[in-house]
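Please keep the sequence and the 3D view open while reading.

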Amino acid sequence: MTTAEKRVGAVANFVDERIGAAGWVKKSLNKVFPDHWSFMLGEVCMYSFVILLLSGTFLTLWFDPSQREVIYQGVYEPLKGLKMSAAYASTLDISFEVRGGLLMRQIHHWSANIFMAAIVAHLLRVFFTGAFRKPREFNWILGIILVTLGLVEGLFGYSLPDDLLSGTGLRITSAIIQAIPLVGTYISFFLFGGAFPGVAFIPRIFTLHVLLIPGIFLAVITIHVMLVWYQKHTQFPGPGKTENNVVGHPILPVYMAKAGGFFFIVFGVTAFLAAVASINPIWLYGPYTPGQISAGSQPDWYMGWLDGLVRMAPPWETHALGHTISWNILIPALIVPGILFTGMALYPFIESWITGDKREHHLLDRPRNVPNRTALGVMSITFVMISLINGGNDILATAFHLSINQIMWSSRIAIFVLPPIAFVITKRICLSLQRADRELVLHGRETGRLVRMPSGEFVEVHEPISEQKRFILTSHEQPTPLVLEDSDSRGVKRPGKLKNKLRVRLSKAHAVAIPKVSAQELKEIEHH
Amino acid sequence: MRTVSNEIESIKDPGPAPHVLRAADVNPRSEKRAEQQVAILFALSGVGSLLLIYSYVFVAKDVFIFIPVMGNQNAQQLGLGIGMAMSLFFVGMAAIHWAKTLMPETEVINYRHEFRSSDEDREDLIKTVKEGVAGVQLGRRKLIKRAMAASMGLFALPPVLLLRDLGPLPKKQLETTNWKSGTRLVTDPGNRPILASDLEVGAVVQTLPAVADSEHRPLSDIAKDPVLLIRLRPEEFNLTSEKLAMTHEGIIAFSKICSHMGCAVALYEQTTKHLLCPCHQSTFDVTRGAKVIFGPAARPLPQLDITVDAQGYLIARAPFSESVGPSYWERNSQ
């Protein structure tokens with residue numbers, strides 16, 4: 001034994017004699033993770049979270065979360081002598097007087113944007129590949145909780161510096177809360193510590209942003225990742241891969257090196273962005289006062305779709321019996337997002353209700369093989385994109401010399417018209433891709449080489465695809481529509497007639513597919 | 001001869017493709033080169049760390065350097081950032097390159113097991129739970145059950161109650177501003193009173209109410225008090241007689257706080273006499289009493305009843321007749 005081995009052995013012995021860990025450590029180090037680039041999206045989320053914790057902790061060492069009024073006497077000349085909150089003044093100090101402070105602020109803000117973008121990309125990957133199916137429905141719901149928490153955490157984070165732009169966002173937030181019927185004004189006064197802007201909101205969202213929400217994040221992310229660990233990661237279909245195995249590299253050494261290395265890549269790229277690209281230059285906005293505003297005010301992009309919905313909402317309010325209900329705020333800011341997020345959270349159960357499929361699934365779907373689900377996903381993306389674009393309608397109008405009125409009206413119409421069109425187009429594209437797969441299996445790959453036959457005819461040479469590729473293109477299961485008889489063998493009628501009719505219809509639509517190439521068809525072709 | 005079968009058979013799994021060895025697996029020179037590449041990557045990371053340390057210690061905070069395409073950059077911030085980025089990025093690249101070129105590449109198979117617990121385990125669990133619950137005997141112990149329910153119910157109240165002092169009750173705060181009968185309009189900024197005769201046609205002025213301590217207005221007052229003063233020619237107005245009576249010789253006053261979600265309606269289009277709120281683009285027509293002509297706002301901006309005092313300074317004749325700012329449940333908007 002070398003000296004190194006002796007030393008490590010002594011330490012391991014010390015630990016093992018106290019907690020007996022050899023068994024599960026051995027199992028863990030041999031654990032296998034399948035390899036695909038799209039599986040790294042969730043990793044980007046996790047690593048961004050760590051970067052946020054590290055950079056955020058640095059910022060808390062200098063940030064003063066107080067709304068008390070100070071006169072700025074720091075190095076940034078244009079704001080010298082101005083009244084502002086201590087929160088804003090301390091953010092200026094971090095940006096201009098603390099070495100590395102501006103870099104850390106920018107790392108933190110860029111990382112937050114990357115975090116949210118990676119969450120959306122990861123969510124879409126999980127959705128389009130069907131990784132949310134049994135036994136992973138609960139993990140999907142945890143994911144929806146994480147994306148919602150991320151939205152809130154980001155909102156609180158960029159509002160902490162108490163600058164003019166984010167303060168305007170808080171004014172809008174307080175208007176949304178205030179619009180809630182019956183209790184809105186009370187909740188708003190309690191949260192802000194009085195009439196807007198109050199003196200308590202910045203310190204309170206600081207506690208939420210730094211302590212409570214990160215705590216919840218840590219707990220939920222831990223359960224989310226442990227579930228992936230325990231239930232084993234899903235894998236794409238391929239040769240040698242079945243519903244009952246996981247094929248990949250073991251944790252020690254390959255996966256640890258690649259995944260650990262990836263953390264440093266993400267951190268490095270974030271730091272590079274922070275070094276060369278300015279973000280949230282609060283000194284240009286000035287301190288928050290409710291009597292002022294800048295033209296072209298926008299929230300951060302992950303809130304932009306909500307702002308877009310609010311901008312296109314019709315001016316509906318109900319004035320009755322001495323009370324007011326603001327539909328123009330409640331519908332776009334609370335009701336529509338509520339329906340969207342609830343629908344997302346419940347989707348695994350909705351899909352299994354439609355298909356009647358109660359089995360475990362560990363092999364992923366190729367999106368083209370589930371045209372209905374893929375089309376639904378693209379439809380939702382279209383909806384959010386239209387809202388997001390409308391959230392920047394004033395910038396678009398100024399930059400491209402368009403009329404704001406026309407953009408807004410176009411968004412109002414587009415948001416109803418474009419999503420169904422996107423659904424139909426996507427479904428058709430998926431079915432075409434299935435047909436293309438079929439052609440590839442039966443007739444092989446077009447090589448582009450033309451051969452002239454003795455008869456004078458020109459043909460293109462097709463090269464047969466590999467056995468492995470052929471398996472990938474035909475190993476998927478094709479859903480069969482649900483059959484629900486009206487009554488059973490004894491003549492007892494099935495309850496819930498209308499619900500069942502809907503279910504059967506949805507199931508039929510879900511099962512629309514191009515039949516895949518069977519072994520017999522392949523044999524027939526091979527005889528040609 | 002074709003085999004006829006009624007079942008549609010799926011194409012069988014051919015097993016993975018034969019393993020292709022990497023250059024470093026077979027060629028010792030490639031192996032050495034891969035090692036050197038990993039070493040260079042680690043070295044580059046070291047360079048980054050040194051750049052960070054140098055920038056932190058030796059570069060002054062106020063030095064700016066010109067970088068093509070990017071323009072003037074703060075040298076220390078750029079050095080710290082590029083240094084940090086390099087030191088992190090190249091460590092990652094080194095680890096990944098090492099894994100991809102030199103570490104064992106063979107794939108391993110783990111097997112999944114069904115998650116459902118065995119029937120035996122399930123029955124044992126059910127037995128244990130039943131025995132445990134039977135020990136509680138809640139069904140028999142009605143007195144305990146009732147007393148526990150009552151105490152649990154009361155238990156739920158203190159956590160909610162302890163949050164009561166988070167803030168005051170709204171009471172009349174959303175309905176009142178600092179505008180009273182006779183309050184002078186003063187400029188924002190500057191706090192100077194305004195002579196009606198000093199305003200030319202086409203002028204737009206941002207105003208606040210004159211208060212005892214104009215230098216120290218609480219932000220929650222500034223969230224409700226701002227008023228926009230606009231002077232047009234009297235014939236340009238298209239108002240009811242009631243609203244017209246609230247103007248003074250072509251000068252009209254509106255709350256600057258948007259009736260939609262409370263942003264400051266700061267954009268004024270002179271040619272069309274439209275006020276535009278930059279948040280959600282609600283547009284208000286000044287000539288028609290700030291009526292909403294576009295956007296999600298549901299109500300016009302509240303109009304302030306103005307006149308002049310004995311010295312000719314503009315004053316409010318009465319407080320706002322309705323709440324300023326966004327709507328809420330208790331708002332009587334009729």
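The model is predicted.

## The disulfide

Over all chains, the structure holds 1 disulfide. Its partners are B:C263 and B:C279, with 2.1 Å from S to S. The link of B:C263 and B:C279 is left-handed, at -90° about the S-S bond. B:C263 sits in the loop between β7 (251-255) and β8 (267-269) of chain B, and B:C279 in the loop between β9 (274-276) and β10 (283-285), so the bond ties together parts 16 residues apart in sequence.

Are these two cysteines buried or exposed? B:C263 is buried, at 3% relative accessibility. B:C279 is buried too, at 3%.

## Other cysteines

The cut-off for a disulfide is 2.5 Å between the sulfur atoms. B:C258 is buried, with a relative accessible area of 2%.

In chain A, A:C430 is also a buried cysteine. Its relative accessible area is 5%.

## Salt bridges in chain A

Side chains of opposite charge can pair when their charged atoms come close. The count comes to 26 salt bridges over all chains. One of them joins A:D35 and A:K258, at 3.3 Å from N to O. This pair links distant parts of the chain, 223 residues apart. A:D35 is in the loop between β1 (32-33) and α3 (40-60), while A:K258 is in helix α10 (residues 251-276). A:D35 is partly exposed at 46% relative accessible area. A:K258 is partly exposed at 22%.

A:E477 and A:R359 form another salt bridge, at 2.7 Å from N to O. A:E477 lies in the loop between α17 and α18 of chain A and A:R359 in the loop between α13 (327-355) and α14 (371-391), so the pair ties together parts 118 residues apart in sequence. A:E477 is exposed, with a relative accessible area of 52%. A:R359 counts as partly exposed, at 42%.

## A strand pair and a network

Which strands hold A:E463 and A:R445? The side chains of A:E463 and A:R445 meet in a salt bridge, at 3.3 Å from N to O. A:E463 is in strand β8 (residues 458-463) of chain A, and A:R445 is in strand β7 (residues 445-452). A:E463 is partly exposed, with 35% relative accessible area. A:R445 is partly exposed as well, with 40%.

Salt bridges also link residues into a network. Its members are A:R133, A:E351, A:D365 and A:R373.

## Charged surface patches

Chain A has a patch of positive charge on the surface. A:K493, A:K497, A:K501, A:R505 and A:K508 gather there. A:K493 lies in the loop between α17 (467-474) and α18 (497-510) of chain A. A:K493 is exposed, with a relative accessible area of 70%.

Chain B has a negative surface patch. B:E120, B:D121, B:E123 and B:D124 form it. B:D124 belongs to helix α4 (residues 119-136) of chain B. B:D124 is partly exposed, at 41% relative accessible area.

## Cis peptide bonds

Most residues other than glycine have a negative phi, and most peptide bonds are trans. Against that background, a cis peptide bond joins A:F196 and A:P197, with omega about 0°. A:P197 is in the loop between α8 (184-192) and α9 (201-231) of chain A.

In chain B, a cis peptide bond joins B:D188 and B:P189. Omega is about 0° here. B:P189 is in the loop between β4 (185-187) and β5 (204-209) of chain B.

## Positive phi values

B:N191 is not a glycine, yet its phi is positive, at about 55°. B:N191 is in the loop between β4 and β5 of chain B. B:N191 counts as partly exposed, at 21% relative accessibility.

B:K273 is another residue other than glycine with a positive phi, near 60°. B:K273 is in the loop between β8 and β9 of chain B. Is B:K273 buried or exposed? B:K273 is buried, with a relative accessible area of 17%.

Key: Residues numbered from 1 in each chain as written. Chains lettered and ligands numbered in written order. Predicted model: local features only at pLDDT ≥ 70, side-chain atom pairs only at ≥ 80, totals over all residues. Heavy atoms only, no water. Patch = residues over 30% accessible without salt bridge, like charges linked within 9 Å, V, L, I, M, F, W, Y side chains within 5 Å. Areas by Shrake-Rupley, 256 points an atom, 1.4 Å probe, with all protein chains shown as cover. Salt bridge = Lys/Arg side-chain N within 4 Å of Asp/Glu carboxyl O. Lys, Arg positive; Asp, Glu negative; His and termini not counted. Charge placed at Lys NZ, Arg CZ, Asp CG, Glu CD. Helix = DSSP H or I, 4+ residues; strand = E, 2+ residues; numbered from the N terminus. Buried < 20%, exposed > 50% of the residue type's maximum accessible area, 1.4 Å probe, protein only.
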